[in-house]
Amino acid sequence: MFEQYLPIFVLLGVAFVLALAFMALSRFLGPYRPNTVKLKPYESGMDPVGQAKDRYSIAFYLVAMEFIVFDLEVVFLYPWAVRFLDMGTGTFVAMTVFIVILFIGLIYTLKKGTLDWDMKNFKYEALKK
Amino acid sequence: MESPTALVSLIIGLPLLGFLINGILGLSSTAYRSKKTLIGILANLAVFIPFLCALTLFLNFDSESAAAFAHLFTWMETGSFSVDIAYQVDQLSLIMTLVVTGVGSLIHLYSIGYMAHDEGFWKFFAYLNLFIFAMLNLVLADNLLLLFLGWEGVGLCSYLLIGFWYTDMSKSDAAKKAFLYNRVGDFAFLIAIFMIFETIGSLNFEVILTSLEAFSGNDIFWIGLLILIGATGKSAQIPLFVWLPDAMAGPTPVSALIHAATMVTSGIYLITRMSPMFVMSPEVMMIVAVIGALTAIVAATIAITQYDIKGVLAYSTVSQLGFMFLALGSGAFTAAIFHVVTHAFFKACLFLGSGSVIHTMEHVEHKLHDKGKDVHFDPQDIRNMGGLRKYMPSTYKTFLIATIAIAGIPPLAGFFSKDEIVMHAFNMGFGEYAGAMYFILWGVATITAFLTAFYMFRLTFTTFHGSFKLPKLINGTEGSEEYLHESPATMTTALWSLAGLSIVGGFIGLPNFVSKTFGGDGHINWLHEWLHTIAADIPLTLSGTAEWALMTFAIIVAAVSVYIAYKMYGNDQQEESDAWIASKFGPFYRVWKDKYSLDELYEGAIVHPTVNFSDKVLAVFDMKIVDGFVNAIAGTVRISGSLLRYIQTGVASNYALFLILGVILVLTILLF
Amino acid sequence: MNYLLDLQSFLPGIIVAVAGLAAIMLEAFKKSANTSFSVTIGGIAVALLFAIQSLYGEAGTAFSGMIVYGGVGAFGSVVVLLGALFCVTISREYLRDLDLHNGEVYGMILFSTTGMLGLAVSNDLITLFISLETMSICLYVLAGLMKNEKIGAESALKYFLLGAFSTGFLLYGIALIYGATAATNLTEIAAAAQPTFLFLCGTGLLFVGLFFKVAAVPFHMWTPDVYQGTPTTITAFMATAAKSATFVAFVLVLTRMLPSSEIGDWQSVLQVVAILTMIVGNLIALAQDNVKRMLAYSSIAHAGYLMVGLAAGNEAGYAGVLYYLFAYTIMNAGAFGVIAYYERNHGLDFTEIDSYAGLGFKVPVMGVMLSVFLFSLAGIPPMVGFIGKYYVFAAAVQAGLIPLAIIGVLASAASVYYYLRVMVYLYFKEAHKEYSLKTPGFLFKWTLILLAVLTVYYGVEPVLPTSSLMELISSYYTV
């Protein structure tokens, strides 16, 4: 059964060898003049020193979750939207139900103040105490 | 005849309803308890209406009618085993139902007066109704299991009513004693039921009695013997009769109803019901007859020595039940039922009469206490009485009538039934069926008949004739005869009704040979005709002359006995006469007075060894070995439980580890 | 209009889901937990009616074979909905006292119930997985209701971590099964199944996922911690409805996916796990001093008895399991209900067995009912628990698994100790100090009384005799 996976192993091997080869080439061909700044890890311009465990406002997480939900909705909707004419009414109704449920969820979160960034309106007991 | 379901439902249902109403209302409402008139009327109706229903059924029935069935519902059904709540109305069950409800009604009526001042009035009537319900189940059941239900039910009621005044230790002990002795018999009866079911797979009387050929001779013998043991428990025969005299601890109406007229006759009913089976085994018949005759004479001899008015009557009951068993064993099932009926009349009358006497004696004691005199005497001791006929004429007259009836003086009820029994015993001495043993039994029966007349008249004379002795015996009771009084009308009504029945009751079973002698067709014994489809009687083969001779002899014996009793006790000579008998019979008299030491015998032979064995061996075994074993297991389990707890560390990663171990376990089992 | 018929066949689930949406919207707009409560009760009751109706209707499959309707599925739905209904009715008063009473709780219960209903009718591993997750995620949230208490946070976190872990196994198992048979539909898998390494591993891991949810030993470790840290009435919900749903799914998997014992020795797996579960569950329960924790171990032990029915692998066994679930739901909801009543009087410490001393006489009706439920859990006739145990053990004997039945009966006998121990404290110990208990509320009290009456009634008169349940099961093979 392993014959059919052989190309994958070959590909893995080639990739490994190629990567090694390129790193070796740059090491031997390029100039190498290290200093303190150059040896630091690259962190998109932020200072990499500090506590790894940092506390963020809970609002970030809430928004992040909402984002994921609606992001995935789009992923789900997209293939259907392309072919919905071929799929018939049943699918259309199902998708409508799905969107409506998500919409209800959105209303609920809005009403609960999840997207409200003003800390005064936060209703979380943990913060109040 | 049309289906009797409606009437039977009433007959069975009303006593139960009466029990429920009086029981539940009495239990839940103290206000209800004080409404004694209402309680009494309800309880009486609950018995009297069934009596009328039974009478209706009776009038629609004749001696040739086939049994009618009232199927109410199926009680239980598992596999091939099915038991119905179903009742069988036939000639035998009708007779029994009439006796139970008829005598029951009169005793209920009597109890209103007798129990009027008792706090447990409502409870008493609830129990009485429950008893009637159970008794009717017993006599009307169409199968053995339903009969057994009634059988146990009457046992329970008997227990409850003997111990009615349960705060008195001796009375609750008597109740326990009755219950336990009955249990011995019930156990044997239950085994007999098992054996019958094992053989033919049904408990229905009709099925059993039509498939008797399915039983081997051996089966018949053992089943017969076990049923007999059951009957000796309930009907107070040797060896299980010792509970009945103690059962007199209950209120007197209870003694009259349960321990004289109805419950104790259920053994006789059962054997009569099963009579086709019994006659198949001459050996069992012989045992029945011997037990009956022996019980009759043993109880009669004890009765001579008793001073307790109810005690004499109790031993007399045991003795009369012995007569009935002798009848059963002599193949005279009709005669046995005949004696059940007549005995119910005169013995209930006697007990109620004694109750009336005790009532007035207690009244005397209370009055004396009210006067501030601190005197105590036994209101049941006949030595304290005497001359009561002046003060309570109705009680005296009815008591005397019943005494004449039991003594066997014609034409009162007891004469005919007892004569028929004695004659059958004599008859059994001939022929192929049995043997000369029955001549001996006849002799025993005749002696017992003599003794019966003697001790009954001793009782009557000592109680009612002569002079009132209490003031002479006990200081402080002078002039107490002014408190003696006749009982209220509800009580005397019952007494007179029963006395009347004691006079005429015998005419349902007139001896056939009398008719033949005077040129009749020989069918004047109505009861015999009535029961001929059910009771498997062994016919009389004696000649008319022999029968006349036997009857004349019986009358002479009874008359002589009464005369002797009158001479000895007729006029205040109780003390001297008893002493004279004691000196004449010496050691015998002591044995009689000690009641043959049966209680002591049972105590020594059964109770003590059992208690000792339990105490010395079983208790030790139980504590050391059984308990030790159980405790050891329990300890091990608990300890392993505590050890296993340590797996539960509370650390989530440990949990995950166990999860992985589980995965490995599952896959290992699956793959290898 | 095949589509509408499909929808109709899952009507109870849809009704419950809509009720759930309504419950949280009402909370968001009206801030009235009571209205949510009413909607919840109404939704479950209506769903229950439809489920009962479909119990008497015909059986079949819907959504292109993704779910089944009628038969076992309908019975499972009825049991789940009964469990949910009873737990909700006893929750209001209890949650109010804990200051946790709000619409979201009911929303979560309803969404979870939707998942359970899907689980009880799943005919496809995908349906099974999605339903299981719908149920579980809501339960994780419910487990953390007491989020301000340490014990509550611990409960939710442990449940979530281990639940996610086990879900991994489940999903991996499904993937392997798909790899082996190229199907996720249960009947299609049964048709294509061969006892290959891949398929056996897949089945094993699928079983592990299910074992975890029903709290079978050694996958039970989360149970005591979670049950203890969850509000008691919610624990009742987890212990009855969630367990019932998973067991019904288990029955579906066994009857439809593995109808032949030639495909793998899963019966041995069930036997071993059943034995472990019964022994460990009962033994540890013996040593517990906290009544709630004791009931958690007892619920593990009961999963063991249920597994005996599964291990029997015959129709009587499956029928026994279904009846047992019904019995278990009634008596366990009742037992947790009374515990909740005692607990809310004096805070969490009131679940220690010492604090039960003399409680039986304080509010007699509660003491009597707790005794009834515990007797039933111990399997003492004439309670419904006895009938349930009788059915599963009888099925095991019928299947020739006599040692298994004997271990079951012995374990059950040992269990009498810890159930009766509670009663000993209730009635035979002196109360430590004088205090009086609150009067139970009307709805709360009468729900419990109803449960107690049912416990006795179905013990005396098992109106769902094995025969009609057998018909359900066998009607099922032929679909």
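Predicted model: local features only at pLDDT ≥ 70, side-chain atom pairs only at ≥ 80, totals over all residues.
Two residues are in contact if their C-beta atoms, placed from the backbone, lie within 7 Å. Of the contacts in chain C with a separation of 6 or more, 79% join residues 24 or more positions apart.

**Chain C as a whole**
- The secondary structure of chain C consists of 19 helices and 2 strands.
- Chain C has 479 residues, and 63% of them are buried.

**A helix pair in chain C**
- Two packed helices are described by the angle between their axes and the distance between the axes.
- In chain C, the axes of helix H15 (residues 364-378) and helix H17 (residues 402-428) come within 9 Å and cross at roughly 170°.
- Because angles over 145 degrees count as roughly antiparallel, H15(C) is roughly antiparallel to H17(C).
- On the side of H15(C), the contact is made by Gly367(C), Leu370(C), Ser371(C), Leu374(C), Leu377(C) and Ala378(C).
- On the side of H17(C), the residues are Ser415(C), Val416(C), Tyr419(C), Val422(C), Met423(C) and Leu426(C).
- The residues of this contact between H15(C) and H17(C) comprise 9 nonpolar, 3 polar and no charged.

**Where chain B meets chain C**
- This contact involves 22 residues from chain B and 30 residues from chain C.
- Helices H27 and H28 (652-671) of chain B each contribute at least two residues to the side of chain B that touches chain C.
- H28(B) provides the largest share of that side, with 13 residues.
- By type, the residues of the side of chain B that touches chain C are 14 nonpolar, 6 polar and 2 charged.

**Helix H27 of chain B**
- Helix H27 of chain B spans residues 598-644 and bends by about 35° at Ser614(B).
- H27(B) lies largely in the open, because the number buried among its 47 residues is 2.

**Where chain A meets chain C**
- Here the contact takes 5 residues from chain A and 6 residues from chain C.
- The side of chain A that touches chain C has 2 nonpolar, 1 polar and 2 charged residues.

**Annotated spans of chain A**
- In an unreviewed entry, UniProt lists residues 6-30, 58-80 and 92-110 of chain A under "transmembrane region".
- In the model, residues 6-30 of chain A are 96% helix and 0% strand, with the end C-alpha atoms 36 Å apart.
- Residues 58-80 of chain A are 100% helix and 0% strand, and their end C-alpha atoms lie 34 Å apart.

How values were computed. Residues numbered from 1 in each chain as written. Chains lettered and ligands numbered in written order. Bend = angle between axes of the 7 residues up to and from the residue. Helix = DSSP H or I, 4+ residues; strand = E, 2+ residues; numbered from the N terminus. Buried ≥ 20, exposed ≤ 12 C-beta atoms within 10 Å, placed from the backbone. Nonpolar A, V, L, I, M, F, W, Y, C, P; charged D, E, K, R; others polar. Axes fitted to C-alpha atoms, helices over the stretch in contact; angles between N-to-C directions. Parallel < 35°, antiparallel > 145°, perpendicular 65-115°, else oblique. UniProt positions renumbered as here; feature names shortened; annotations may be inferred.
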